[in-house]
Each structure stands twice: as C-alpha cells, then as structure tokens.
Amino acid sequence: MAFVASPRLLDMKQALVAVVLFALATTPIGARAAPFAYVPNEGSGTLSVIDTATDQVVGDIAVGAKPRGTVVSPDGKTAYVSDQPNAAVVVVDLDARKRARAIAVGASPEGVGMSMDGRWVVAAVEETNEIVFIDTQTNARAFAVKVRGQNPEHAIFSPDGRYVFVSAEDGQAVDIIDVGKRAQVAQIPVGVRPRGIVFSADSRRAYVAAETSNEVYVIDAQQFAVLAKLKAGLRSNGVALHPDGSRLYVSNGGDATVSVIDIASGTALATVPVGQRPWNMAITPDGKKLYVACGRAASVSVIDTEKNARITDIAVGKLPWGVAIR
C-alpha cells in the first residue's frame, strides 16, 4: 500500500525547512564554515549570497547601481564590489549584510582583484585606462597605474603578489604591472578582446581567454611570453582553474557552454551546457563544484566537476556578472 503523508506531517516538514532557511539567513556569514558564493547582479544592484552546501540563495545585499567585479577578503567578512555608474568600489560588511562605504576609483570600474594576503584590492577602470590600488587596511585609494591597453576589464594578482595582469577589452594584449615598482613593465600580444584571467597556483602560468578569437592563451608569467593557444567555444570569456591544476574551465558566451580542458594535453575533455550568456565563474576550494554566472538566464549554473555535468541552476538577480567564492 502506498504511503501518503498526512497534512500535519507536510506542515511540519515545511516548517522545518523554513526554520533552516531562516537560520542560514540570520547567522553571520563569517561564523559559518561552508564556502559561500557571492554573485553581483548588474541589473538588480544586488549581491546574491549562495550557500554552496545547499545551493540555496540565503541573502541578497543591496550594493549599488550596477555591481560587477567582486572579491572577498580571506577571513570572509568583507566584499569589495565595483559599482560602475557611481565610479566606486563598494565595501560590503558580509556579517551585517550591508554596505559599509564606497571608495572613489574613477569612471566605469569593472573587474576587481585581490592579493592572496588580502592587503590590496585592484580595480580595472575602463574610461581612464587605469588600475587603481586600494589599501584594505585603510579602505582608501592608495595609488593608480596607467596601462597602455584600452578599456581594461580584468585585473588579477599573481598568487605570489609580484604582478597584476590586466586584460584590455578593446585591445589585443595583456598589460603587466610590477606591484613593487608600481608601474607597467610589459605587454603581451594575445587574441582579440581578451577577457578572463587565471593563474596557476605557483604563479608560473597565466591563462587568458580571448573572446573574439575563441581561444585561451597560455602565458609564461615569468618570461611574459605566449606558450600555447587552446581552442575554446564561441566567444570564450570567463576562466577558472581546478585547485589541483589539472583542468581549465572556460565559459563560452556564444553557445552557452563551459569547456573543460585538460592542462597536460591541451585538449577538451568535455563541453557542459549551461544557462544563456555564461560569463565569469568560480570554483569551490575543494574543486568539486563550479559556479557559472549566466547573465541572460538570471541564474548561476552549478557544475559537478567530477562528472562534468550541470547539476542545478540557481535563480539570482538580473544580469549576474560573475561569482566570488569564500
């Protein structure tokens, strides 16, 4: 005989779910051990908070008019989010889930990066072609470096903190900033419309997606030279590297997929369908799940990296730009 749950049992189950979600929403983020995925939504002006243990949205924080690049401090208590129309980087108190302050950086900031030790945040400022450095000890602008590339989109620290690599959206090159010298020291020609950048853990390699070229450029990050080109999908843009360094993930905005590339051979292992206009991504520290911001779908696609399969889509705000996990 089939079991039919009583209305009372169903009510109890619903009440339990509500209690759990309330606890997740009200517990300070810094007090919990699970990694969280933070998703800036350009069209909603919010930062969605996803619990990666449950793949549920547990909060939405009003951060600005058009939030884009996002990084989170090593202790998980503070986020730095670019706010394009307001020419600022917004500092967000993640425990209180509210804006703490805004730091003026210049017209149209987009990508944001953070040094591994959390001391420096950099913002790529498109209209002035500058990379602005923010001292997180004072939460104030410290200095800026002018780059040769036009319309810089991403600015990413090498893990050893020596360099910042910058992709220029309207150029065909990656600009290299020596952090100690506070100056650009090199420029590396790559394909048309360079976008996402990721480093190997040892700082020896950088991987740069070129959107119009549908390729990823492998760069010797010590000698500043292109070593190889890896074929990706249509309009490749976001990149993420598995923590063990074995696989590269590339979001392809034109065909709504993520390419999984074997680093050793440079060949594709899988192509995973995701939501429309996949953009920037992040992978969990254990390497088990990849979170992909899908702008036109207003969702984040979650990929099981062991199975190379999409396991769920999480509804977030309008036009999600990327993901930061801490």
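Modeller: Happy to! In this predicted model, four bridges join β4 to strand β5 (residues 78-83), and the two run antiparallel.

Biologist: What makes β4 and β5 a pair?

Modeller: Two strands pair if there are at least two bridges between them. β4 and β5 are joined by four bridges, so they count as paired. Within this pairing, proline 67 stands opposite aspartate 83 in β5.

Biologist: Which strands form the open sheet, and in what order?

Modeller: Four strands form the sheet, in the order β4-β5-β6-β7, with antiparallel pairing.

Biologist: Why are β4 and β7 called edge strands?

Modeller: β4 (67-72) and β7 (98-104) each pair on one side only. As for the twist, it averages 25° from one strand to the next.

Biologist: Now the aromatic rings. How many aromatic pairs are found in the whole structure?

Modeller: The search finds seven. One of them joins tryptophan 120 and phenylalanine 143.

Biologist: Why is the pair of tryptophan 120 and phenylalanine 143 called edge-to-face?

Modeller: Ring centres must lie within 6.5 Å, and planes over 60 degrees apart count as edge-to-face. Here the centres are 5.8 Å apart and the planes are at 70°, so the pair is edge-to-face. Tryptophan 120 lies in strand β9 (residues 120-125) and phenylalanine 143 in strand β11 (residues 140-146), so this contact ties together parts that are 23 residues apart in sequence. Both tryptophan 120 and phenylalanine 143 are buried.

Biologist: How do you know whether phenylalanine 133 and phenylalanine 157 are buried or exposed?

Modeller: Buried means under 20% relative accessible area. Phenylalanine 133 has 0%, so it counts as buried, and phenylalanine 157 has 7%, so it counts as buried too. Trp120, Phe133, Phe143 and Phe157 form one aromatic cluster.

Biologist: What sits over the ring of tryptophan 120?

Modeller: The charged end of arginine 119 does, 4.9 Å from the ring centre.

Biologist: Let's finish with charges. Why do glutamate 130 and arginine 141 count as a salt bridge?

Modeller: The side-chain nitrogen has to be within 4 Å of a carboxyl oxygen. For glutamate 130 and arginine 141 the N to O distance is 3.9 Å, so the pair meets the cut-off. Glutamate 130 lies in strand β10 and arginine 141 in strand β11, so the bridge ties together parts that are 11 residues apart in sequence.

Biologist: What makes arginine 310 and aspartate 313 a salt bridge?

Modeller: Their N to O distance is 3.5 Å, which is within 4 Å, so they qualify. At 37%, arginine 310 is partly exposed, and aspartate 313 counts as partly exposed at 38%.

Conventions. Residues are numbered from 1 along each chain as its sequence is written. This is a predicted model: local features need pLDDT of at least 70, side-chain atom pairs count only at pLDDT 80 or more; totals for chains, interfaces and linings use all residues. Side-chain values use heavy atoms; hydrogens and water are left out. Rings of Phe, Tyr and Trp (its six-membered ring) pair if their centres lie within 6.5 Å; planes under 30 degrees apart count as stacked, over 60 as edge-to-face and the rest as tilted. Buried means under 20% relative accessible area, exposed over 50%, partly exposed in between (1.4 Å probe, protein chains only). A charge sits over a ring if NZ of Lys or CZ of Arg is within 6 Å of the ring centre and within 35 degrees of the ring normal. Axes are lines fitted to C-alpha atoms, for helices over the stretch in contact, and angles run from 0 to 180 degrees between N-to-C directions.
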